[in-house]
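Good morning, and thank you for joining this meeting. Please keep the sequence and the structure in view while I speak.

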Amino acid sequence: MSDGPHRSLPMRKPWRELAKCGDQGTYDAEQVAEAAAGALASDFKNEVKWSLIDALKSIFTGRDNSLELPEIAFQELENAKVLAAGSVFGMNAVAWSIELITEGRFGLDAFHDAIGLAALQRRCVASRTFGRLKSTIFGSQIQGGLIT
């Protein structure tokens, strides 16, 4: 484990790259941010089915609900949960969609916000996980600004 968790722990390649950036002091904040964005994008691509994205987009744009009635959108979101089954990222996107529809938000901006909030939630969970992991491996003091 002395070479760092990015060498010895099982994780997908983008997350391994992020761990490497976070573990070594030679990477600047921009490089760490790029690695984090790449890891999140990879998770999104691997976990979230296109059918779910299409369903959420159609709900927010009112494809089958031109009056943008929340009651109809809620039923469509309930149906979309089936498409998100097995994907925490997908379920979070549905949950944030419900939250935004509750606030009366429709349109592409709201759709993008729902996906963005799901990604932010994943980033926060990953940061806490990395923080706990690094604390366990290297002690309680965590260096750098990314993982707190």
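This is a predicted model: local features need pLDDT of at least 70, side-chain atom pairs count only at pLDDT 80 or more; totals for chains, interfaces and linings use all residues.

Arg12 and Glu47 form a salt bridge, and their closest N and O atoms are 3.8 Å apart. Where do the two partners lie? Arg12 is in the loop between helix H1 (5-8) and helix H2 (13-23), while Glu47 belongs to helix H3 (residues 29-47), so this pair ties together parts of the chain that are 35 residues apart in sequence. Arg12 is partly exposed, with a relative accessibility of 38%. Glu47 is also in the partly exposed class, at 21%. The class begins where "buried" ends, and buried means under 20% relative accessible area; Glu47, at 21%, therefore counts as partly exposed.

Let us turn to another salt bridge, the one between Arg122 and Asp43, with an N to O distance of 2.6 Å. This pair links distant parts of the chain, since Arg122 sits in helix H7 and Asp43 in helix H3, 79 residues apart. Are these two residues buried or exposed? Both Arg122 and Asp43 are buried. The two pairs that I have described also belong together: Arg12, Asp43, Glu47 and Arg122 are linked in a network of salt bridges.

How many salt bridges are there in total? The count comes to seven. One more deserves mention, namely that of Arg105 with Asp113, where N and O are 2.4 Å apart. Arg105 is partly exposed at 29% relative accessibility, and Asp113 is partly exposed at 32%.

I now move to the fold as a whole. The protein has seven helices and zero strands, and the pattern along the sequence reads α-α-α-α-α-α-α. It has 148 residues, of which 37% count as buried. If we take the contacts between residues at least 6 apart in sequence, 56% of them join residues at least 24 apart.

What lies in the interior? In soluble globular proteins, nonpolar side chains tend to be buried together. In this model, the largest nonpolar core holds 21 residues, and those touching the most other members are Leu52, Leu56, Phe60, Ile101, Phe111 and Ile115. Helices H4, H5, H6 (88-102) and H7 (108-138) each supply at least two residues of this core. Please find Ile101 as an example. Leaving aside residues up to four places away in sequence, Ile101 touches Phe60, Pro70, Ala73, Phe74, Leu77 and Phe106. There is also a second, separate core, made of eleven residues, including Trp15, Ala19, Ala36 and Leu40.

Finally, let us consider the surface. The accessible surface of the protein comes to about 8700 Å², and 56% of this belongs to carbon and sulfur atoms. Which residues make a nonpolar surface patch of about 270 Å²? They are Leu67, Leu69 and Ile72. Leu69 is found in the loop between helix H4 (50-61) and helix H5 (70-84).

Thank you for your attention.

Conventions: Residues are numbered from 1 along each chain as its sequence is written. Side-chain values use heavy atoms; hydrogens and water are left out. Patches are made of residues with over 30% relative accessible area and no salt bridge: like charges are joined within 9 Å, nonpolar side chains (Val, Leu, Ile, Met, Phe, Trp, Tyr) within 5 Å. Accessible areas come from the Shrake-Rupley method with a 1.4 Å probe; for residues, only the protein chains shown count as cover. A salt bridge is a side-chain nitrogen of Lys or Arg within 4 Å of a carboxyl oxygen of Asp or Glu. Helices (H or I, at least four residues) and strands (E, at least two) are DSSP runs, numbered from the N terminus. Buried means under 20% relative accessible area, exposed over 50%, partly exposed in between (1.4 Å probe, protein chains only). Contact means heavy atoms within 4.5 Å. A nonpolar core is a set of buried Ala, Val, Leu, Ile, Met, Phe, Trp, Tyr and Cys residues joined through side-chain atoms within 4.5 Å.
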